Amino acid sequence: MQLVRQNEKSTTKRRRSGTVVLAALLGAALASGCGRGPSGADHHTPPGAAGAGGKAAAGPAPQAAPAGALLSYAEQLRRRQAQRVAVARKWGLAHVPLTAPAPPAEKPRITSREGFEVDDGEDLPQVFTTVPTEERIVFLTIDDGSEKDPEFLRMMDELKIPYSAFLSDYLASENYGYFAEMRKKGVTLNNHTLTHPYLPGLSYAQQKKEICGQQDRIEKHLGKRPVLFRPPYGNYNRDTLVVAKSCGIEAVPLWAEEAFPDHMDWREWDRDLHPGDIILTHFQGRDQWKGTMTDMVRNVMKVITDKGYAVARLEDYV
């Protein structure tokens with residue numbers, strides 16, 4: 001009988017040991033693969049799982065998942081994180097980009113930045129440099145269309161970094177197929193005028209040709225009429241916004257920072273990122289820069305990630 005009791009104790013210890021190992025594996029996987037929501041709740045926590053004060057909501061007790069299912073889920077998370085690390089290393093990023101939280105169910109109300117308003121502009125497209133949010137996210141936007149680097153397309157697609165393009169026809173028209181490929185990958189293509197002029201120096205009719213003409217060009221070549229517009233150099237007047245609204249523009253995002261391959265330019269005095277900031281860069285290469293578009297991505301993503309921010313999709317918020 002004594003031998004039997006010893007075997008039972010040994011069996012119990014092995015079971016407990018297996019449970020501890022399983023919990024450790026799952027905990028490590030969750031730590032590497034799961035983000036936290038704005039309140040600190042895990043994104044994988046189902047709605048209604050916690051009530052006020054963090055207490056569990058009323059309802060049937062959750063059933064424990066089978067050990068095999070937990071191990072399978074933990075392994076999926078581990079492999080997913082390992083893949084992200086490998087892709088970041090392949091493209092020479094200093095760190096794995098942080099993952100943005102899920103977009104809000106309802107988009108925030110956008111108003112013009114103070115000092116950027118026009119007279120009687122309440123019903124016109126709003127002009128802003130930052131999207132109102134408390135999330136540690138920023139938005140990457142790319143202007144003009146001069147450089148059409150296929151490596152940039154591959155890099156952004158593999159890294160899953162969202163961005164928005166603002167195209168000028170005089171540069172983009174050299175190869176609208178490049179931007180059509182971009183659109184297939186989920187990138188929104190927006191309006192940046194036909195020829196990139198200083199709009200306040202043009203008449204109403206001339207501005208309409210520039211803005212509405214580019215609306216027509218993008219719709220013709222890329223299949224969809226834009227709702228976002230960025231005036232060249234960030235310059236505009238009331239006519240600009242009236243014209244833009246007349247041909248389908250809903251908002252005018254400018255920028256808070258500008259990214260280059262070797263440095264950042266900052267609009268704000270504190271030279272820092274802020275939740276919801278819009279970052280500008282350009283489709284340019286070694287002819288205009290000290291580097292390539294992929295160099296620019298490596299630099300801007302180091303800044304963004306080092307400061308604890310993720311890149312979100314602008315159109316999910318505007």
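The predictor's confidence in each residue is given as pLDDT, on a scale from 0 to 100. This is a predicted model, in which local features need pLDDT of at least 70 and side-chain atom pairs count only at pLDDT 80 or more, while totals for chains, interfaces and linings use all residues. Residues are numbered from 1 along each chain as its sequence is written, and side-chain values use heavy atoms, with hydrogens and water left out.

Colour the protein by pLDDT to begin. The mean is 85, and 79% of the residues reach 70 or more. Next, select residues 1-59, over which pLDDT stays under 50. For this stretch the model has 35 contacts (heavy atoms within 4.5 Å) beyond four places in sequence. Where pLDDT is low, the predicted coordinates should not be read in detail.

Proceed to strand β2, residues 137-144. Helices (H or I, at least four residues) and strands (E, at least two) are DSSP runs, numbered from the N terminus. Eight of the eight residues of β2 are buried, that is, under 20% relative accessible area, with exposed meaning over 50% and partly exposed in between (1.4 Å probe, protein chains only).

Strand β9 (residues 310-312) pairs with β2 in the parallel sense over three bridges, and V138 stands opposite V311 of β9. Strand β8 (residues 278-282) also pairs with β2 in the parallel sense, over five bridges; here T141 stands opposite L280. Strand β3 (residues 164-167) runs parallel to β2 and is joined to it by four bridges, with F166 of β3 as the bridge partner of D143. Follow the chain from β2 through helix α3 (residues 150-159) to β3: this β-α-β crossover is right-handed, meaning that, with the strands pointing away from the viewer, the path from the first strand over the helix to the second runs clockwise.

Now display helices α5 (residues 176-184) and α6 (residues 204-222), which pack at an angle of about 75 degrees with their axes 10 Å apart. Axes are lines fitted to C-alpha atoms, for helices over the stretch in contact, and angles run from 0 to 180 degrees between N-to-C directions. The angle makes α5 roughly perpendicular to α6, a class that spans 65 to 115 degrees. The contact is made by Y176, F179, A180 and R183 of α5 and by Q214, R217, H221 and L222 of α6.

Finish at G308, in the loop between α8 (293-306) and β9. G308 counts as partly exposed because its relative accessibility is 30%. Leaving aside neighbours within four places in sequence, G308 is in contact with L98 and R136. The C-alpha atoms of G308 and L98 are separated by 7.7 Å, although these residues are 210 residues apart along the chain.

Notes:
Pairing = 2+ DSSP bridges. Parallel < 35°, antiparallel > 145°, perpendicular 65-115°, else oblique.
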